[in-house]
Amino acid sequence: MKLTVIGCSGSFPGPDSAASCYLLEAEHDDGTGARTWRVLLDLGSGALGVLQRYADPLAVDAVLLSHLHADHCLDFSGYYVMRKYHPDGAQPRIPVHGPSDTPGRLARGYDLPEDPGMSEEFDFVSWAPGAPVEVGPFTVEAFPVEHPVEAYGLRVSADGRTVAYTGDTAVCDALAPLADGVDLLLAEASFRHGDDNPPGIHLTGRDCGELAASAGVGRLVITHVPPWHDAEAMLAEATEVWDGSAELARTGAVYDL
């Protein structure tokens, strides 16, 4: 399994990165021949343009949405246009797994009537915690996490390797099983330790380090740092409490697992 960082800026696009989007790729033979399967974790503001540097967006097999804030889903407006009006013709319908209001939220984002919205272009499926989803070689488990909207952390396995993606979350009980023993933990750090942070929204860099340590992960990648914070300082918070592999997510970074 290969992970490519498409966008990693927190809350809104920054000068060096689009908002949240991560590409997972793995080889698989579904009986019609071996090929590379591709899924996206989120498709936030600015990500669709950057994605085109690393993969054909029309070759994506599924999109996995952690939650429906704009910095995690709003480039679906452009993706809808690309798939519906492409000069080669309308593209095949692909699954989009997300929170319960995903069809309505994405329709409203492009000012479409909610019926049919984007349902003729995408097959929308709501997350059901405890019921893993399979997309080609990928097995995906969704864990409800703490955020002001319905939100999920996602645990994705393929080829004997596992990535955990916190999405946006505060410290909560779901993070332990989400991150337990994974090869790579992609953890958001939007708040600084020691600030007067509002409760129930985001993790700090220190929270990410503590989660990595308690879960026994192979590698920690800090992501979703807002442009107004010093990302290196966020990483330093994590490494004060975690002595394993740790780094900052950067656009174009590739992790072969």
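Please find Ala19. Leaving out residues up to four places away in sequence, Ala19 touches Gly7, Cys8, Ser9, Phe12, Pro13, Gly44, Ser45, Ala47 and Asp71. Before I go on, note that this is a predicted model. Ala19 sits in strand β2. Is Ala19 buried or exposed? Its relative accessibility is 0%, so Ala19 counts as buried. For a sense of how the chain folds back, take Val225, which is 206 residues away from Ala19 along the chain. The C-alpha atoms of Ala19 and Val225 are separated by 9.9 Å.

Now the whole chain. How many helices and strands does the protein chain have? There are seven helices and 15 strands. The C-alpha trace spans about 55 × 40 × 35 Å along its principal axes. A compact globule of 257 residues would have a radius of gyration near 18 Å, and this chain has 17 Å, which agrees. Of the 257 residues, 54% count as buried. Take the contacts between residues at least 6 apart in sequence: 61% of them join residues at least 24 apart.

Next, strand β6, residues 94–98. Why do I call β6 largely enclosed by the rest of the structure? Because four of its five residues are buried. Look at its neighbours as well. Strand β5, residues 62–64, runs parallel to β6, and two bridges join them. Strand β7 also runs parallel to β6, with five bridges between them. Val63 stands opposite Val96 of β6, and in β7 the bridge partner of Val96 is Phe124. As background, the side chains in a regular strand alternate between the two faces of the sheet.

Helix α3 covers residues 76–85, and its buried residues are Phe76, Ser77, Tyr79, Tyr80, Met82 and Arg83. What do the buried residues of α3 pack against? They pack against α1, β5, α2, β6, α4 and β7.

Helix α4 has the buried residues Thr102, Gly104, Leu106 and Ala107. Their cover includes α2, α3, β6 and β7. Just after α4, Asp111 takes a positive phi of about 60 degrees.

That brings me to backbone geometry. Most residues other than glycine have a negative phi, and most peptide bonds are trans. This model has some exceptions to show you.

Ser11 is one of them. Ser11 is not a glycine, yet its phi is positive, about 75 degrees. You will find Ser11 in the loop between β1 and β2. Its relative accessibility is 33%, so Ser11 counts as partly exposed.

Asp42 is another. Its phi is about 70 degrees, again positive and again in a residue that is not a glycine. Asp42 lies in the loop between β4 and α1. Is Asp42 buried or exposed? Asp42 is buried, with a relative accessible area of 0%.

For the peptide bond, go to Asp115 and Pro116. A cis peptide bond joins these two residues, with omega at about 10 degrees. Pro116 is found in the loop between α4 and β7.

His229 lies between β13 and α7. Why does His229 count as buried, although its relative accessibility is 16%? The cut-off for buried is under 20%, and His229 has 16%, so it counts as buried. Leaving out residues up to four places away in sequence, His229 touches Ser190, Arg192 and Met234.

That is the end of the tour. Questions are welcome.

Note on methods:
Residues numbered from 1 in each chain as written. Predicted model: local features only at pLDDT ≥ 70, side-chain atom pairs only at ≥ 80, totals over all residues. Heavy atoms only, no water. Buried < 20%, exposed > 50% of the residue type's maximum accessible area, 1.4 Å probe, protein only. Rg over C-alpha atoms; globule rule 2.2 N^0.38 Å. Contact = heavy atoms within 4.5 Å. Pairing = 2+ DSSP bridges.
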